[in-house]
Amino acid sequence: MLLKDKTVIITGASRGIGRAAAVECARQGANIIIGYSGSESSRPAVEDLINEIESLGRGAVGVGAPAEDPDTGDKLVEAAVSHFDGVDVFVNNAGICPFHSFLDMPRETYLKTVDTNLNGAFFAVQAAANQMKRQGRGGAIIAVSSISALVGGGMQTHYTPTKAGLLSLMQSCAIALGPYGIRCNALLPGTIETDINKDDLADTDKREYMASRTPLGRLGRPEDLAGPIVFLASDMAQYVTGASLLVDGGMYVNLQ
Ligand code: NAP
């Protein structure tokens, strides 16, 4: 019960890493605000997650609002205040990675990626931090960045700068929000099998190559990120701020 009676907002929690984190946070005693895009097609997945969290004896509410909208953070915070007891943990996880080559990158693809992954995150983190400051009991903010914050990808020239930006945002926010007892950290997943890379990893050779580059011998699963997110959210990490945690099976350090 590392998060007993805490309220945790997780963006992009309808699927993948965010969903796994939501379930583990609930297992650890938290009530959850489930952020998602607002698309009708995502609603059944959100209902399914709400049921799973309620079966664990915790509360959950879905808030469908696009991550790229600067008002979305306020909506998530309002839901946490009206349904539960404010905001203790904010996990900025929603993100997209529409793989595309650089030289012919459509402007819309670049702008949509930056708006969704980084610009929206800035305003959402700001909204969560202001609520935590008002409450006066500190808090934890976690940005789901990526190993791509540290290394490049030829088909990800629009994506990797957003992930480096999130890492940098957490470092600066750690300084800005430390005086309020609000800790800010970045989580850097390696290659985790989810919908975001389903098409890319459908290429068997690529998939086997990525697994072979991972010292632990397999690609990641969404559940592999849940424990590290709970750790950074909990008082176990009470003196951890401005840090980044790679969760990549060792891929980053595997040069040769
Ligand atoms: P995923 O399975 O594709 O899930 C993406 C989540 O983000 C969904 O809940 C989706 O909601 C939500 N989302 C997408 N666009 C949104 C928008 N415009 N507004 C609000 N919500 C939106 O992806 P994932 O792999 O779990 O990725 C989660 C995070 O981890 C991302 O930030 C990603 O960059 C990062 N990451 C992933 C990997 C990896 O290998 N998988 C590696 C490093 C970092 P809907 O269901 O409503 O669409």
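Helices H1 and H2 cross in a right-handed way, meaning that the near helix is turned clockwise from the far one by less than a right angle. This is a predicted model, where local features need pLDDT of at least 70, side-chain atom pairs count only at pLDDT 80 or more, and totals for chains, interfaces and linings use all residues. Residues are numbered from 1 along each chain as its sequence is written, and side-chain values use heavy atoms, with hydrogens and water left out.

To find these helices, look at residues 16-27 for H1 and residues 43-55 for H2; helices here are DSSP runs (H or I, at least four residues), numbered from the N terminus. Their axes come within 9 Å and cross at roughly 20°. The axes are lines fitted to C-alpha atoms over the stretch in contact, with angles from 0 to 180 degrees between N-to-C directions. H1 and H2 are therefore roughly parallel, a label for angles under 35 degrees.

Now follow H1 to another partner, H8 (residues 223-233): the two axes are 8 Å apart, at an angle of about 50°.

Next, visit the ligand. Among the 31 residues around it, Ser14, Ser37, Asn93, Tyr159 and Thr194 come nearest; "around" means having a heavy atom within 4 Å. The side chain of Tyr159 places an N or O atom 2.5 Å from a ligand oxygen, and a backbone N or O atom of Asn93 lies 2.7 Å from an oxygen of the ligand.

Terms used: Polar contact = N/O pair within 3.5 Å; in protein donor to acceptor, adjacent residues only side chain to side chain. Helix = DSSP H or I, 4+ residues; strand = E, 2+ residues; numbered from the N terminus. Parallel < 35°, antiparallel > 145°, perpendicular 65-115°, else oblique.
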